[in-house]
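Reader: I have a structure open on my screen and would like to go through it with you. Could you take my questions as they come?

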Amino acid sequence: MKRNRQDSSDLNISFLDVICCGFGAIVLLLIIAKTVQPIPLEQSDINLNGQVADLQTKLFEIRGKTKTFNRELNAKHEQLSLELERIAILRTELANLESRYALASKNTSSEDKLLQQLEIALQSLSQEIADFTIHDNNLIGGIPVDSEYVIFVIDTSGSMFSYAWPRVMQEMENILAIYPNIKGVQVLNDMGDYMFPAFRGRWIPDSESRRDAIIARLKNWNAFSNSSPVEGIQKAIGTFYEADKKISIYVFGDDLLPNHSINEVANTIDRLNRKGISKEPLVRIHAVGFPVIFQAAGPQYHATANRFAALMREVTHRNGGTFVGLQDYRQE
């Protein structure tokens with residue numbers, strides 16, 4: 001009887017040993033298999049949303065850069081077309097002059113004066129075609145375009161607003177087109193008054209919408225003017241010059257009244273636009289002359305237009321810019 005009880009006790013102990021070993025094995029397997037912490041579903045959703053937001057931000061940045069590059073490429077194509085058209089016109093004129101020169105050379109009765117004039121014209125056109133190059137970075141049509149900021153100083157007098165205003169808007173668009181990616185722009189009239197008073201003393205950020213707003217405002221902008229760009233140039237340089245900024249000023253006008261001395265104005269701008277030992281100009285000054293007085297006024301007024309052209313040629317020459325005299329004030 002004692003032997004049967006001992007056998008039952010040994011069996012129970014063996015069963016417990018098996019069960020404990022089994023539980024121990026399961027625990028050991030769980031410890032080995034548990035390599036990472038479980039991630040709650042809410043945290044996983046947050047991480048995925050953050051990644052999507054980052055990707056969307058990068059996508060918007062790429063689209064913005066693509067838009068800028070496309071605008072710059074279109075501007076280059078337009079400028080290239082204009083310059084190629086100009087070259088074609090010059091070559092046609094050259095061919096006509098060569099033909100006239102050849103005909104005059106064969107005619108022994110032709111006057112020497114005519115031959116000399118044709119020779120001069122041939123040399124001039126040949127040189128103009130040879131010099132008419134397209135630069136890939138700093139010059140377009142002979143005008144430096146390396147500036148990061150552009151200021152327009154526009155004559156808003158009656159003669160300009162009444163006759164040349166559509167052409168003024170066209171030339172402003174053309175100039176902005178050769179600066180597809182600048183950092184800031186500003187528009188003053190020749191008196192130094194701001195087109196947008198809300199941006200007084202600070203730059204207008206450049207964008208397509210801002211450019212559209214400038215052209216739209218220019219259409220009806222008829223501020224008081226004394227037909228002299230002096231005040232506007234002085235305001236532009238004195239207010240916006242900074243040593244770390246490349247700035248160009250574009251002056252639009254048609255005449256200069258006799259109460260302003262050309263030398264005095266040029267010297268005043270020199271003093272304002274030069275600093276340091278090198279005496280280099282702080283900003284570039286370009287100018288566009290509109291022939292309103294020559295085409296829409298009597299000869300007694302032509303002297304004022306000549307004065308404006310003489311002043312702007314001197315000012316642009318001294319200040320690293322270019323003077324462009326238009327052949328017609330009407331829109332092309």
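Reader: To start, how many cavities of 30 Å³ or more does the structure hold?

Author: This is a predicted model, and in it there is 1 cavity of 30 Å³ or more. The space in the largest cavity comes to about 40 Å³.

Reader: Which residues line the largest cavity?

Author: The lining is made up of Asp-155, Asp-190, Ser-227, Ser-228, Pro-229, Val-251, Phe-252, Gly-253, Asp-255 and Phe-308. Sorted by class, that lining has 4 nonpolar, 3 polar and 3 charged residues.

Reader: And which strand gives the most to that lining?

Author: That is strand E6, which spans residues 247-253 and gives 3 residues to the lining of the largest cavity.

Reader: Changing topic, where is Val-185, and is Val-185 buried or exposed?

Author: Val-185 sits in strand E4, which covers residues 184-189. Val-185 counts as buried because its relative accessible area is 2%, and the cut-off for buried is under 20%.

Reader: What is Val-185 in contact with, leaving aside neighbours within four places in sequence?

Author: Val-185 is then in contact with Val-150, Phe-152, Leu-176, Trp-203, Ile-204 and Ile-214. As for Ile-249, which is 64 residues away along the chain, its C-alpha atom is separated from that of Val-185 by 10.0 Å.

Reader: Before I read on, what is the mean pLDDT of the protein chain, and where does pLDDT stay under 50?

Author: The mean pLDDT is 79, with 73% of the residues in the chain reaching 70 or more. Over residues 132-141 pLDDT stays under 50, although the model has 20 contacts beyond four places in sequence for that stretch. Where pLDDT is low, the predicted coordinates should not be read in detail.

Key. Residues are numbered from 1 along each chain as its sequence is written. This is a predicted model: local features need pLDDT of at least 70, side-chain atom pairs count only at pLDDT 80 or more; totals for chains, interfaces and linings use all residues. Side-chain values use heavy atoms; hydrogens and water are left out. On a 1 Å grid over the protein atoms alone, a cavity is a set of points where a 1.4 Å probe fits but cannot get out, and a pocket is an open set with protein on both sides within 12 Å along at least five of seven lines; lining residues have an atom within 4 Å of a point. Grid points are joined across faces, edges and corners, and a volume is the space filled by probe spheres set on the points. Helices (H or I, at least four residues) and strands (E, at least two) are DSSP runs, numbered from the N terminus. Ala, Val, Leu, Ile, Met, Phe, Trp, Tyr, Cys and Pro count as nonpolar, Asp, Glu, Lys and Arg as charged, and the others, Gly among them, as polar. pLDDT is the predictor's confidence in each residue, from 0 to 100. Contact means heavy atoms within 4.5 Å. Buried means under 20% relative accessible area, exposed over 50%, partly exposed in between (1.4 Å probe, protein chains only).
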